[in-house]
Amino acid sequence: MLRGMLLAASASAGFFCCAGLFSSAVWAQQTDPGRPVVVQPGAPGKPSRTLPASTKATLPPRSQADVEFMQGMIMHHSQAVEMTALITSHTDNKDLRLLGARISSSQSDEIRFMRRWLAARGEALSMMTPEMPNMNMHEKMALMPGMLTPEQMEALRKAKGAEFDHLFLTGMVQHHNGALTMVKDLFDTAGAGQDADLFNFATDADNTQRAEIRIMQTMLEKEFSEEKR
């Protein structure tokens with residue numbers, strides 16, 4: 001019983017200590033809104049302490065594979081957004097328009113996230129290939145799984161109506177499968193994918209693109225069944 005009372009008293013003291021520190025931090029913010037307050041929790045039995053406003057958080061370690069994955073995926077997503085931009089002028093298919101809007105929105109958001117991730121770590125936003133300095137953007141894209149060739153993109157631009165729908169769906173399934181390969185390659189690389197933000201992003205992207213592949217395959221099956229009638 002005595003031990004329980006001591007533990008309760010200790011917990012109460014810790015609560016009021018933390019509450020006092022929290023109140024001090026809130027008071028400082030209220031009296032000087034422009035002054036950021038950074039509080040570092042103390043070790044057990046030790047008080048917390050207020051750190052200088054210049055204190056910066058340290059980012060988790062990253063591997064070169066993480067950086068190259070993000071750089072490559074920006075380029076990969078950019079082609080998908082380019083493909084979806086053709087939809088409004090090339091087809092009246094409402095289902096395809098809804099799908100395209102979904103893909104464009106999600107991948108544009110992901111591009112912004114990847115750019116922020118790279119910038120925060122002082123990394124270039126585009127892929128660097130020192131061993132092939134004269135390689136252009138289209139050639140770099142061709143090295144990534146699932147990317148549509150210039151010929152495929154040109155055929156997509158020229159198509160209209162049902163032909164466009166078919167080329168878009170088959171092309172985007174190919175494209176999404178390539179992204180799944182990139183995620184698998186990342187997680188198969190020793191030491192890569194350990195950064196929490198990158199892990200969550202890659203996992204979410206994998207789940208999203210798998211779901212979209214299933215939607216597109218269903219649309220293609222529907223298209224095939226209508227052609228047989």
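I take contact to mean heavy atoms within 4.5 Å. The model I am examining is predicted.

**Entry 1: methionine 73.** I looked up the partners of methionine 73, setting aside its neighbours within four places in sequence. Methionine 73 is in contact with Met114, Ala179, Met182, Val183 and Phe201.

**Entry 2: the largest nonpolar core.** I then asked which residues of the largest nonpolar core touch the most other members. Of its 22 residues, these are Phe69, Met70, Met73, Met114 and Phe201.

At least two of its residues are supplied by each of α2 (64-84), α4 (94-120), α7 (161-188) and α8 (196-228). The largest share, 6 residues, belongs to α2.

**Entry 3: another core.** I found another core, of 21 residues, lying apart from the largest one. I noted Leu156, Leu169, Leu180 and Met216 among its members.

**Entry 4: the chain as a whole.** I recorded 8 helices and 2 strands. Along the sequence, I read their order as α-β-β-α-α-α-α-α-α-α.

I also checked how far apart in sequence the contacting residues lie. Taking contacts between residues at least 6 apart, I note that 75% join residues at least 24 apart.

**Entry 5: burial and surface.** I asked what percentage of the 229 residues in the chain is buried. The value is 33%. For the accessible surface of the chain, I noted about 14,200 Å². Carbon and sulfur atoms account for 59% of that surface.

Conventions:
Residues are numbered from 1 along each chain as its sequence is written. This is a predicted model: local features need pLDDT of at least 70, side-chain atom pairs count only at pLDDT 80 or more; totals for chains, interfaces and linings use all residues. Side-chain values use heavy atoms; hydrogens and water are left out. Helices (H or I, at least four residues) and strands (E, at least two) are DSSP runs, numbered from the N terminus. Buried means under 20% relative accessible area, exposed over 50%, partly exposed in between (1.4 Å probe, protein chains only). Accessible areas come from the Shrake-Rupley method with a 1.4 Å probe; for residues, only the protein chains shown count as cover. A nonpolar core is a set of buried Ala, Val, Leu, Ile, Met, Phe, Trp, Tyr and Cys residues joined through side-chain atoms within 4.5 Å.
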